[in-house]
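Hello,

Please find below the structure you are taking over. My notes on it follow.

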Amino acid sequence: MARVVVLGAGISGHTAAAFLRKWLGKNDEVTVVSPLPHYNWIPSNIWVGVGLLSEEQVIFPLAPVYRKHGIEFKQARALALHPEGTESNPQPFVEVEWTLEGKTGQRENVPYDFLVNATGPKLNFGATEGLGPGKNSLSVCTARHAAETASAFLENVERMKRGERRRFVVGTGHGMCTCEGAALEYVVNLEFELRAHGVRDKADVVFLTNEYQLGDFGMDGLHIRRSGYITPSNILAESLFAERGIDWITRAHVKKVEAGHAWYETLAGEDREISFDMAMLLPPFAGVGLQAFGRQGEDITARVFAPNGFMRVDADYVPKPYEQWRACDWPRYYQSPVYKNLFAAGIAFAPPHPVSRPFTSPRGTPIFAAPPRTGMPSAMIGKAVARSIADMLRGAPGPTHTASMAEMGAACVASAGANPLKGTAAAMIVYPIIPDYERYPEYGRDLHYTMGEIGLAGHWIKIVLHHMFLYKARLRPGWSLIPE
Amino acid sequence: MSAETPSPKPREPQTMPSFFAARPTRLTLFLRNFLPWQMWRFTWINLKMLIIIRRSHRSQ
């Protein structure tokens with residue numbers, strides 16, 4: 001009998017746990033440790049943030065789903081890994097602290113044979129003074145944040161209906177943010193809803209981003225073949241903003257947010273200020289701060305985790321300049337190089353380096369988009385890790401399945417306005433996610449598969465994906481047939 | 001210019017970044033919400049996504 005512990009119940013952790021339960025024997029145990037009681041289909045938080053969906057429509061409680069499928073669930077926060085056990089007992093374990101009402105604060109050591117770290121990111125609002133919910137800006141990173149953002153948005157709409165003029169600033173709240181695609185999705189949805197409410201003429205909408213150019217998305221942009229041209233993504237993103245009357249500011253590191261004001265440094269080294277009535281600014285990501293200890297209690301965190309808190313896996317972490325980055329630097333198995341029964345899936349693994357070209361201001365401030373972390377690769381990594389662990393438990397000497405972001409594509413549908421007949425969305429397909437200039441010397445990607453277009457069809461696809469992936473996450477009949 | 005004639009407002013568009021951005025034509029905007037065309041695009045995009053998913057899973 002073996003016990004596999006999965007830390008985190010987001011897209012990657014939940015996928016890994018579900019497939020582990022499907023592929024492991026009846027006597028094997030699968031345990032999920034997550035501090036939150038619910039699953040959140042994060043891509044639909046955008047619609048919660050403009051008041052089109054309620055918080056409850058993008059989340060569901062995990063405990064009944066896991067109970068039904070024979071997965072043990074501990075509503076707890078992981079604190080520290082002990083991959084060598086203790087001096088008296090070599091069994092590896094993870095130290096957790098319960099967050100479940102009635103057990104809050106209680107600590108427990110959960111033993112494991114294999115551990116999947118799928119803890120996702122820490123939303124590092126603290127990296128920028130005054131950034132984040134409860135301070136001076138809003139977010140759509142969680143369903144709760146998105147619901148709060150919707151309240152603020154609808155309050156501003158009411159004020160505009162009374163004749164007031166309002167300015168909305170949407171984008172990234174730090175020079176090292178990722179998820180620019182989500183920020184873009186939110187700003188065009190916000191603009192669409194302003195028109196739907198009949199108050200567009202009372203609003204100034206500004207997109208503020210750390211990207212070198214619009215459409216970088218943390219993956220060094222992309223090129224698509226369209227209308228007789230090979231077009232870079234900045235042309236497409238700028239076109240969308242120009243059409244919608246959205247102003248944009250690129251190459252910006254937000255360093256301070258106060259009520260109604262944000263201060264930012266530009267890549268040219270200038271200090272600027274922008275005022276707003278409502279700001280939705282995404283935070284940078286960091287690891288959740290897990291620690292690791294050796295058998296004698298010595299701190300081995302630096303061996304297991306990178307300085308940013310994400311877990312080191314089978315990637316090439318040797319620092320090198322942008323020109324020498326290669327697709328093969330990216331991990332394939334997501335296995336810790338130190339402990340073979342330790343894996344990191346989804347956002348929890350440490351990328352070997354960014355994807356976008358790094359830039360630094362004259363003052364030394366890094367201002368560029370961090371690597372993208374989207375749902376499709378996170379789920380595929382979770383599934384590959386589950387398959388490898390299942391095989392290793394049956395005797396395989398090492399991991400058997402790969403999920404390199406340099407060998408997989410990603411389909412991303414970014415809503416640009418939600419209406420079944422008048423809505424649109426940008427449907428984007430990128431192959432591979434990490435540019436591979438050895439296989440595709442000109443643009444790093446296969447232009448036969450990489451595409452992007454805006455239209456109503458994209459909105460329909462976004463709706464289908466919303467319902468299909470929530471169905472799958474609830475582990476309803478046939479869930480495993482739905483691709484990641 | 002008489003005192004009653006308002007002075008021409010300075011042209012501003014060329015000072016905005018959006019002036020240099022590509023903009024969709026009326027035909028492009030029409031096609032984005034034209035149901036028969038969008039039904040075809042729905043089929044085509046889904047097909048392309050399935051091919052990519054298949055290729056990505058095959059690499060595992």
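**A sheet in chain A**

Ala262(A) stands opposite Ile274(A), a residue of β17(A); strands here are DSSP runs (E, at least two residues), helices are DSSP runs too (H or I, at least four), and both are numbered from the N terminus. This is a predicted model, in which local features need pLDDT of at least 70 and side-chain atom pairs count only at pLDDT 80 or more, while totals for chains, interfaces and linings use all residues. Residues are numbered from 1 along each chain as its sequence is written, chains are lettered from A and ligands numbered from 1 in the order in which they are written, and side-chain values use heavy atoms, with hydrogens and water left out.

The bridge partner of Trp263(A) in β17(A) is Glu273(A). Strand β17 (residues 271-275) of chain A pairs with β16(A) in the antiparallel sense, over five bridges; two strands pair if DSSP finds at least two bridges between them. These two strands form a hairpin with four residues between them, and Gly269(A) in the turn has a positive phi of about 95 degrees.

β16 (residues 261-266) of chain A also pairs with β15 (residues 252-258) of chain A, antiparallel over six bridges. There Val254(A) stands opposite Tyr264(A). The hairpin of β15(A) and β16(A) has two residues between the strands, and Gly260(A) takes a positive phi near 85 degrees.

Together they make an open sheet of three strands in the order β15-β16-β17 (chain A), with antiparallel pairing. β15 and β17 of chain A each have a single partner strand, so one side of each is left without a neighbour in the sheet.

**Where chain B meets chain A**

The contact (heavy atoms within 4.5 Å) takes 44 residues from chain A and 28 residues from chain B. About 3,100 Å² is buried between the two chains, and carbon and sulfur atoms give 65% of that. Buried area is the accessible area (1.4 Å probe) that two parts lose on being put together, summed over both.

Two salt bridges are counted between chain B and chain A, a salt bridge being a side-chain nitrogen of Lys or Arg within 4 Å of a carboxyl oxygen of Asp or Glu. Glu243(A) forms a salt bridge with Arg32(B), where the closest N and O atoms are 2.8 Å apart. On the side of chain B that touches chain A, α1 (26-32) and α2 (35-58) of chain B each supply at least two residues. α2(B) gives the most, with 16 residues.

Regards
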